Amino acid sequence: MDADLEIRVTRSGRRARQLVIIPDADISVAEAESEDDVDDPDYGKAPELAEGESVGYQPADFVILLCKSLPQQRNYIIYFDNWFNFPELQLRLKQYGFHSVGTLRANRLRGCQLKSEKDLRKEGRGSYDCKVDANSGLCILRWFDNCAVQISSSHVAVEPLKMVERWDNKAKKHVEVPCPAAVIEYNANMGGVDLFDMLAGLYRVDHMSRKWYRRIFYWALNVACVNSWILYRRHCSQLSVPNKDVLDLLGFVTRISQCLIVINKPAPPLQRKRGRPSIKATDDKEEQAPQQKRTVNSSPLTEIQLDNVGHLQVCQR
């Protein structure tokens, strides 16, 4: 690889120097790639399925590959979001004996004519439109809440229609909104990943850095904190802990931070000045405002009381 220094003239008439790097002609494409990409033969490849199993879309093929480990014709129900969902995938899973429910992107309706979001908005919150294929039994519906959402299902449709509670910003109160059965079932069973994404975005531990591995470390901290809080809420529910004593996510993360800062660290020593106080110091005390009440720091947290370090209360006057 060689380098050459060129001088070019800009539009304003100034001369600018530019360093041009000339690669060698015998460098192959494989040498230009990173070692990790070359060493991994399956990098960026679709899963290998038998002939006739693939539906032609890589995300859907991964779902089929994972479902192959399950016993077929047992009426299992598979839930997935709009990244993996295709009508062709649901029809293929139905051939294997798997039912499925998932959100569907608007550009994957495969010609299914539904009411537009504008028309559903005019009808009001909770309006919907549904179509069912007579041959395959696949149901595709569009439901309007705050915005329109498409859901396709191979075993449940609109009925039974239930009323769900939603917050109305205009009325400043909760209102009852009709909700199809497919939406209710999806929300009840597809809550793990979506719930984590929502909670992780509330108080994200993040820091801008050019070092990519730091971002992975911060993401791992988010995963640990959010999943720990979910387990903490579950244990509090099992132990019948009052709601007023249960920490919210912010309080839970704050408590973890306090414990990590204080654990295995002794309290700051209480130092007193030696010698007789000077006359100037005595005059300053007389000019000070009336003495305030002393403040006492709270007792150490329960998690760090047994770390064999004296976390003493500090009184300040």
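This is a predicted model: local features need pLDDT of at least 70, side-chain atom pairs count only at pLDDT 80 or more; totals for chains, interfaces and linings use all residues.
User: Over which residues does pLDDT stay under 50?
Analyst: That stretch is residues 23-40. pLDDT is the predictor's confidence in each residue, from 0 to 100.

User: How many contacts beyond four places in sequence does the model have for 23-40?
Analyst: Seven. A contact means heavy atoms within 4.5 Å.

User: What is the mean pLDDT of the protein chain?
Analyst: The mean is 77. 68% of the residues reach 70 or more.

User: New topic. How many helices and strands are there?
Analyst: The protein chain has ten helices and eleven strands. These are DSSP runs numbered from the N terminus: helices are H or I with at least four residues, strands are E with at least two.

User: What share of the residues is buried?
Analyst: 26% of the 317 residues in the protein chain. Buried means under 20% relative accessible area, exposed over 50%, partly exposed in between (1.4 Å probe, protein chains only).

User: Which residues have the most contacts inside the largest nonpolar core?
Analyst: They are Leu141, Trp143, Ile151 and Val183, in a core of 15 residues. A nonpolar core is a set of buried Ala, Val, Leu, Ile, Met, Phe, Trp, Tyr and Cys residues joined through side-chain atoms within 4.5 Å.

User: Which elements each supply at least two residues of this core?
Analyst: Strand 6 (139-144), strand 9 (173-179) and helix 6 (181-189) do. Helix 6 gives the most, four residues.

User: What is Val183 in contact with, leaving aside neighbours within four places in sequence?
Analyst: Val183 is in contact with Leu141, Trp143 and Ile151.

User: Which residues does the second core include?
Analyst: Val55, Ile78, Phe86 and Phe98 are among them. That core is separate and has 13 residues.

User: Switching to helix 4. Which of its residues are buried?
Analyst: In helix 4 (residues 87-95), Pro87, Leu89, Gln90, Arg92 and Leu93 are buried.

User: What covers them?
Analyst: The cover includes helix 3 (58-67), strand 3 (76-80), strand 4 (98-104) and strand 7 (148-153).

User: And which glycine follows helix 4?
Analyst: Gly97. Its phi is positive, near 90 degrees.

Notes: Residues are numbered from 1 along each chain as its sequence is written. Side-chain values use heavy atoms; hydrogens and water are left out.
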